[in-house]
Every structure is written in C-alpha cells, then in structure tokens.
Amino acid sequence: MLIHPRPFDHPDAVKLNDQVQLEYAARYGDGGDVTPLDPAMFMPPRGLYLLAYDEQERPVATGGWRTQDRNDEGYADGDAEIKRMFVIPEGRGRGLARRMLAALEEDARAAGRTRMVLETGDRQPEAIALYRSSGYTPCAKFGHYRTYDSSLCMAKPLRLP
C-alpha cells in the first residue's frame, strides 16, 4: 500500500467520501455525516488529507486531520481532529486503517498539535476497537454531533516518542 497526500477535493478522495457517506447512511439510517468540511481545512500545515492506494493504484483508504483550537464546539487548544477515516470493504482486515492513523498522528505531532481527537458513532464497532487499541480514550464530547446520544468522542495525547 502506498499512502499519498491529496487534496480533500481530489477525485479519488471524493469517490471514497461518497462511499463512506453511503456506509454512514446505512448504519445510522440518515443522510450521512453532515459535518461542514472545506478542502482548505486539510491543507498543511493546519491539516493533512491522505489516500492509500493498492498495487493496482486504486484508492482503498482515506483519512485526514484538521487543526482545532478552543471554541464553542468543545475543542481545546492544540487539538488535531481526525476526519473521514475509511477503508473500502475489500481492503479491510489488512491493517490499512492502523497505518493511516499512525501516519496522521505523526504528521499532526510534527505540526505541533498536542492532542488527537475524533468523533465516531456507536454503530461503528470496528472503528471503536481500532481507536481503543491505538491508545484513544473517551473524552468530553465536541464537534457537530456532540449533542447526539450515538456520538462517541475519543482523544489521545500526541507526545514526542
């Protein structure tokens, strides 16, 4: 697998975003994640968007982080927020999400961010297991879905090794 930085509005990113939205809609019975996102949010050094490609150069996984600081949605100064972590169904079970997550954490740490945060939902047990096994713990709710019962927020300090 090769991981490359790409703009959030790159055609391959749009393709995978459409797929993850369909999965969210199927799991939650709604229209998908409506968190407002702008491609500029993922531009270095204030964020990064990554796409992973298989040996045939097909996009198979995606993930990004964006800078967040203290605001009225519950973020704290120094936060980096994970967005759009997704692996296509046929690519699952091969460690792609774990590699993507590690690359995002490394980049956010290098950018001076002090805590990685994420919001997932209670109908995504695979994501919850990945994040827990990667050192994430529950934290105070933040972001667009902070008032939803199904929302689970997690955080991990980004300390230098």
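**Questions on a predicted model**

Analyst: The place of arginine 84 is in strand S4, which covers residues 79-87. Please keep in mind throughout that this is a predicted model.

User: Is arginine 84 buried or exposed?

Analyst: A residue counts as buried when its relative accessible area is under 20%. Arginine 84 has a relative accessible area of 5%, and because that value falls under the cut-off, arginine 84 is classed as buried.

User: What is the phi of arginine 84?

Analyst: Arginine 84 is not a glycine, and yet its phi is positive. The value for arginine 84 is about 55 degrees.

User: Which residue meets the side chain of arginine 84 in a salt bridge?

Analyst: Side chains of opposite charge can pair when their charged atoms come close. Here the distance from N to O is 2.8 Å, and a salt bridge requires such atoms to be within 4 Å. Arginine 84 lies in strand S4 while its partner sits in the loop between H1 and S2, so the pair ties together parts that are 51 residues apart in sequence. Both residues are buried, and the partner of arginine 84 is aspartate 33.

User: Which residues are in contact with glutamine 21, leaving aside its neighbours within four places in sequence?

Analyst: Glutamine 21 lies in helix H1, and with a relative accessible area of 15% it is buried. Once the neighbours within four places in sequence are left aside, the residues in contact with glutamine 21 are Gly31, Gly32, Asp33 and Arg84.

User: How many residues apart are glutamate 23 and arginine 92?

Analyst: Glutamate 23 forms a salt bridge with arginine 92, and their closest N and O atoms are 2.7 Å apart. Glutamate 23 is buried at 19% relative accessible area, whereas arginine 92 counts as partly exposed at 36%. The pair links distant parts of the chain, since glutamate 23 is in helix H1 and arginine 92 is in the loop between S4 and helix H2, and the two are 69 residues apart.

User: Where in the structure is lysine 156, the partner of glutamate 105 in a salt bridge?

Analyst: The closest N and O atoms of glutamate 105 and lysine 156 are 3.2 Å apart, and both residues are buried. Glutamate 105 belongs to helix H2, and 51 residues separate it from lysine 156, which is in strand S7.

User: Which residues do salt bridges that share partners join into one network?

Analyst: The structure holds 10 salt bridges. Some of these share partners, and the network joined in that way consists of Glu23, Arg27, Arg92 and Glu126.

User: How many disulfides does a search of the whole structure find?

Analyst: A disulfide is a covalent bond between the sulfur atoms of two cysteines, and a pair is counted when these atoms are within 2.5 Å. For the whole structure, the search finds zero disulfides. Cysteine 139 is in no disulfide, and its nearest cysteine sulfur, that of cysteine 153, is 5.4 Å away.

User: Is glutamate 57 buried or exposed?

Analyst: Glutamate 57 is found in the loop between S2 and strand S3, and its phi is positive, near 65 degrees, in a residue other than glycine. A relative accessible area over 50% counts as exposed, and because glutamate 57 reaches 67%, it is exposed.

User: Which element gives the most to the lining of the largest pocket?

Analyst: The largest pocket has a volume of about 850 Å³ and is lined by 36 residues, with Tyr24, Met85, Thr120, Gln124 and Ala127 nearest its centre. The elements that give two or more residues to this lining are H1, S4, H2, strand S5 and helix H3. The element that gives the most, with six residues, is S4.

User: How much space lies in the largest cavity?

Analyst: The structure holds one cavity of 30 Å³ or more. The lining of the largest cavity has three nonpolar, three polar and four charged residues, including Thr35, Arg66 and Tyr75. The space in the largest cavity is about 50 Å³.

Technical notes: Residues numbered from 1 in each chain as written. Predicted model: local features only at pLDDT ≥ 70, side-chain atom pairs only at ≥ 80, totals over all residues. Heavy atoms only, no water. 1 Å grid on protein atoms, 1.4 Å probe; cavity = no way out; pocket = protein on both sides within 12 Å on 5 of 7 lines; lining within 4 Å. Points joined across faces, edges and corners; volume = space filled by probe spheres on them. Nonpolar A, V, L, I, M, F, W, Y, C, P; charged D, E, K, R; others polar. Helix = DSSP H or I, 4+ residues; strand = E, 2+ residues; numbered from the N terminus. Buried < 20%, exposed > 50% of the residue type's maximum accessible area, 1.4 Å probe, protein only. Contact = heavy atoms within 4.5 Å.
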